[in-house]
Amino acid sequence: MSDRSAETIPAAAPDGPGDRPPAGVGVQAPDRTGFQPPDGARFHLTIDGTDTSLTVEPGQSMLDAALRAAAWIPHSCTQGTCGTCKVRVLCGAVDHRDSPDYTLTADERCGGLALACRATPTQDVRIQPVGAVDDGVPRHPLRDYTGTVIALEDIARDIRRLVVEPDMPMAFNAGQYAELIVPGHGVARQYSMANPPDGPGVLEFHVKRTPGGVATEGWIFAGLTVGDRVALRGPLGQFHLVHPQPEPAILIGGGTGLAPLVSIARHALSHNLVPEVFLYHGGRREEDLYDVEVFRELERVDGRFHYRPALSEQEWSGATGMVTDVVVEDFSSCKGMSAYLCGPPAMVAAAQKALKRRRMPPRQIRREEFTPAPQAAG
Ligand SMILES: Cc1cc2nc3c(=O)[nH]c(=O)nc-3n(C[C@H](O)[C@H](O)[C@H](O)COP(=O)(O)OP(=O)(O)OC[C@H]3O[C@@H](n4cnc5c(N)ncnc54)[C@H](O)[C@@H]3O)c2cc1C
Ligand code: FES
């Protein structure tokens with residue numbers, strides 16, 4: 001066990017996900033009364049059309065409060081970059097804090113919209129989620145966890161497998177993610193669970209090194225070792241496959257975008273949720289691929305599973321080219337199929353375009369984008 005294991009684990013930031021805004025930068029809206037809440041005030045949050053009424057702690061985001069109370073607000077990135085968590089503030093007022101203008105425009109703020117993952121109430125509020133609530137999906141309340149690193153290994157160029165055993169098991173849907181709290185920085189970063197939910201109670205993450213990155217180069221690829229204690233919270237996100245579906249699924253991942261897709265593929269196959277799974281993994285060169293033999297073996301033993309790695313910068317025995325072009329070559333039509341896309345935003349956008357070319361209806365496409373934290377994106 002390294003010295004770091006003795007470190008005090010930082011308490012989870014009260015606003016839940018993401019970095020904390022600097023004090024005093026929040027923009028209060030749409031409070032038209034000029035009222036400033038007393039420091040430390042708690043407010044009631046009601047979700048319109050449901051019987052959900054809960055308390056939001058000082059500085060806590062509405063999304064964090066709702067998910068901890070097992071209520072649901074649609075969301076994806078939990079860091080203010082995707083806009084999935086937009087809600088209409090029907091009555092009361094919120095502080096938008098560090099909601100980025102590119103996600104929540106000035107007009108939207110004036111029109112009473114807010115990002116539930118960033119905004120905190122300044123009065124009792126009643127809100128209505130803008131996005132559709134995916135009914136019938138098991139909801140696992142958001143919780144803070146501590147755990148121990150039980151495995152940490154290099155599995156590909158600049159990619160590590162990190163396995164954490166939480167002190168209490170975390171229930172999650174295949175495809176969801178957790179936030180790891182970076183020690184000493186007061187920031188959290190999102191990492192998708194790569195293992196299926198009904199495993200032995202551990203959480204497996206695939207982490208790519210980001211040059212200069214606080215969580216990756218500064219921690220997971222630096223001082224973190226087996227035996228270290230870590231703080232995390234989860235589960236989060238609505239990228240998942242939980243319902244049986246009659247159509248085959250195409251899973252396309254770039255880099256560590258493979259992580260939630262492996263969880264989804266394994267869960268879907270073992271629970272007979274899909275008739276067939278086509279797993280595509282894109283990398284530049286062979287050293288970017290990982291778990292190749294594991295997938296080849298799965299392909300050998302399960303005729304419903306097909307594995308297609310593709311390399312964009314190397315001729316080899318397998319598919320060559322952008323992974324999205326390989327999908328286009330492989331299927332003359334994707335009508336009657338569904339897709340799960342994950343990885344860097346540019347790859348996800350290219351995959352959506354490719355599937356559209358192959359006539360897959362947009363409603364059949366689910367996606368998770370690994371967007372950088374807003375402060376880091378700068
Ligand atoms: C929902 C979700 C799930 C995620 N799941 C995973 C996962 O399973 N595995 C994984 O490896 N990552 C995942 N990520 C990305 C991860 O959360 C971090 O953003 C990433 O590891 C970088 O963190 P960092 O602290 O090391 O870098 P930071 O300190 O945040 O960034 C350092 C510098 O790198 C730039 N940067 C950061 N990320 C990127 C990027 N993707 N592309 C281009 N520039 C970038 C920043 O703009 C900044 O200049 C996920 C992100 C989201 C939103
Ligand atoms: S902007 Fe709130 S979940 Fe993405």
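1. Strand E9 (residues 143-156) and strand E14 (residues 229-236) pair in the antiparallel sense, with six bridges between them. Within this pairing, tyrosine 145 faces leucine 232 of E14 as its opposite number. Please bear in mind that this is a predicted model.

2. E9 has another antiparallel partner to check. Strand E10 (residues 159-166) pairs with E9 over eight bridges. Aspartate 154 has arginine 160, in E10, as its bridge partner. E9 and E10 form a hairpin with two residues between the strands. Aspartate 158 takes a positive phi near 60 degrees in that hairpin.

3. Turn next to the open sheet. Six strands make it up, in the order E18-E17-E16-E15-E19-E20, and the pairing is parallel. Strand E18 (319-320) and strand E20 (365-369) stand at the edges. Each has a single partner strand, so one side of each lacks a neighbour in the sheet. At the E20 end, five bridges join E20 to strand E19 (residues 338-343), and the two run parallel. Glycine 343 stands opposite glutamate 369 in E20. A reminder for anyone inspecting these strands: in a regular strand, side chains alternate between the two faces of the sheet.

4. Phenylalanine 205 deserves a look. This residue is found in strand E13 (residues 203-208). Is phenylalanine 205 buried or exposed? Phenylalanine 205 is buried, because 23 other C-beta atoms lie within 10 Å, and the cut-off for burial is 20 or more. Leaving aside residues up to four places away in sequence, phenylalanine 205 touches Leu162, Tyr191, Met193, Ala194 and Ala259. Glutamine 190 is 15 residues from phenylalanine 205 in sequence, and their C-alpha atoms are 9.9 Å apart.

5. Now the largest nonpolar core. It has 96 residues, and those touching the most other members are Met62, Ala116, Ile250, Leu251, Tyr280 and Ala339. Helix H4 (residues 258-270) gives the most to this core, with seven residues. Leucine 251 illustrates the packing. Not counting residues up to four places away in sequence, leucine 251 touches Leu261, Ile264, Ala265, Val277, Phe278, Leu279, Tyr280 and Tyr340.

6. How many of the 13 residues of H4 are buried? The count is 11, so H4 is largely enclosed by the rest of the structure. The buried residues include Leu258, Ala259, Pro260, Leu261, Val262 and Ser263. Ile264, Ala265, Arg266, His267 and Ala268 are buried in H4 too. The helix length also holds up. At 1.5 Å a residue, the 13 residues of H4 should span 18 Å, and its end C-alpha atoms are 18 Å apart, which agrees. Just after H4, asparagine 272 takes a positive phi of about 50 degrees.

7. Some overall figures. The protein has eight helices and 20 strands. Of its 378 residues, 46% are buried. Among contacts between residues at least 6 apart in sequence, 72% join residues at least 24 apart.

8. Last, confidence. The mean pLDDT of the protein is 89, and 89% of its residues reach 70 or more. Which residues have pLDDT that stays under 50? Those are residues 1-35, for which the model has 72 contacts beyond four places in sequence. Where pLDDT is low, the predicted coordinates should not be read in detail.

Definitions and conventions
Residues are numbered from 1 along each chain as its sequence is written. Chains are lettered from A and ligands numbered from 1 in the order in which they are written. This is a predicted model: local features need pLDDT of at least 70, side-chain atom pairs count only at pLDDT 80 or more; totals for chains, interfaces and linings use all residues. Two strands pair if DSSP finds at least two bridges between them. Helices (H or I, at least four residues) and strands (E, at least two) are DSSP runs, numbered from the N terminus. A residue is buried if 20 or more other C-beta atoms lie within 10 Å of its own, exposed if 12 or fewer, and partly exposed in between; C-beta atoms are placed from the backbone. Two residues are in contact if their C-beta atoms, placed from the backbone, lie within 7 Å. A nonpolar core is a set of buried Ala, Val, Leu, Ile, Met, Phe, Trp, Tyr and Cys residues joined through C-beta atoms within 7 Å. The expected span of a helix is 1.5 Å times one less than its number of residues. pLDDT is the predictor's confidence in each residue, from 0 to 100.
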